[in-house]
Amino acid sequence: QVQLVESGGGLVQAGGSLRLSCAASERSYAMGWFRQAPGKERGFVAAINWGGGRTFYADSVKGRFTISRDNAKNTVYLQMNSLKPEDTAVYYCAARPYNIALLTREYDYWGQGTQVTVSS
C-alpha cells in the first residue's frame, strides 16, 4: 500500500504561482495530479512516467503547469504558474505501478488532497 502526502496548497491571487509536492512512501512507476472543484468530477491535470521523460497535461493547464519528479526523494511536483480563478480546486496526487495514465480509474493510490484557491 503506497501512502501519498500532498503539500503546498494555499490561497494565491490570479497570476500568481504555487508548487505542490507529493511524497510517496515507496517508489511508484507513474504518478499524476488530478483536481476536483466543488460540484464537479475529479479531472486529470498532469501525469509523468517513472523516468520523467514522458509527461502529459490537460489542455487547460498546458504552458502554465509543469510536472516533475525526484525519484531519489520519491516525490513528484506540480509547478503552477499564471494561476486563474478557474484553477481553484482540491488537488490530488495519484500513483500506479504501471505505465503512465490519464484516467482517474487507472490509478491505484491517492493522497488526501490539498486545497488551491485562486482569488480574482
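Visitor: Why is D59 called exposed?
Guide: D59 has a relative accessibility of 66%. Exposed means over 50% relative accessible area, buried under 20%, and partly exposed in between, using a 1.4 Å probe and protein chains only. D59 at 66% is over that cut-off, so D59 counts as exposed. One note before we go on: this is a predicted model, where local features need pLDDT of at least 70, side-chain atom pairs count only at pLDDT 80 or more, and totals for chains, interfaces and linings use all residues. Residues are numbered from 1 along each chain as its sequence is written, and side-chain values use heavy atoms, leaving out hydrogens and water.

Visitor: What makes D59 and K62 a salt bridge?
Guide: Their side chains meet at 3.2 Å, N to O. A salt bridge needs a side-chain nitrogen of Lys or Arg within 4 Å of a carboxyl oxygen of Asp or Glu, so this pair qualifies.

Visitor: How many salt bridges are there in the whole structure?
Guide: A search finds 3. In one of them, D87 pairs with R64, the closest N and O atoms being 2.7 Å apart. That pair links distant parts of the chain: D87 lies in the loop between strand 8 and strand 9, and R64 in the loop between strand 6 (55-57) and strand 7, 23 residues apart. Strands here are DSSP runs (E, at least two residues), numbered from the N terminus.

Visitor: Which residues do the shared partners join into one network?
Guide: R35, R64 and D87. R35 also forms a salt bridge with D87, at 2.9 Å between the closest N and O atoms.

Visitor: How do you know whether R35, R64 and D87 are buried or exposed?
Guide: By relative accessible area: R35 has 15%, R64 has 11% and D87 has 1%. Each value is under 20%, so R35, R64 and D87 count as buried.

Visitor: Why are strand 7 and strand 8 called a pair?
Guide: Pairing takes at least two DSSP bridges between two strands. Strand 7 and strand 8 (residues 75-80) have 6 bridges, in the antiparallel sense, so they pair. R69 stands opposite V76 in strand 8.

Terms used: Helices (H or I, at least four residues) and strands (E, at least two) are DSSP runs, numbered from the N terminus.
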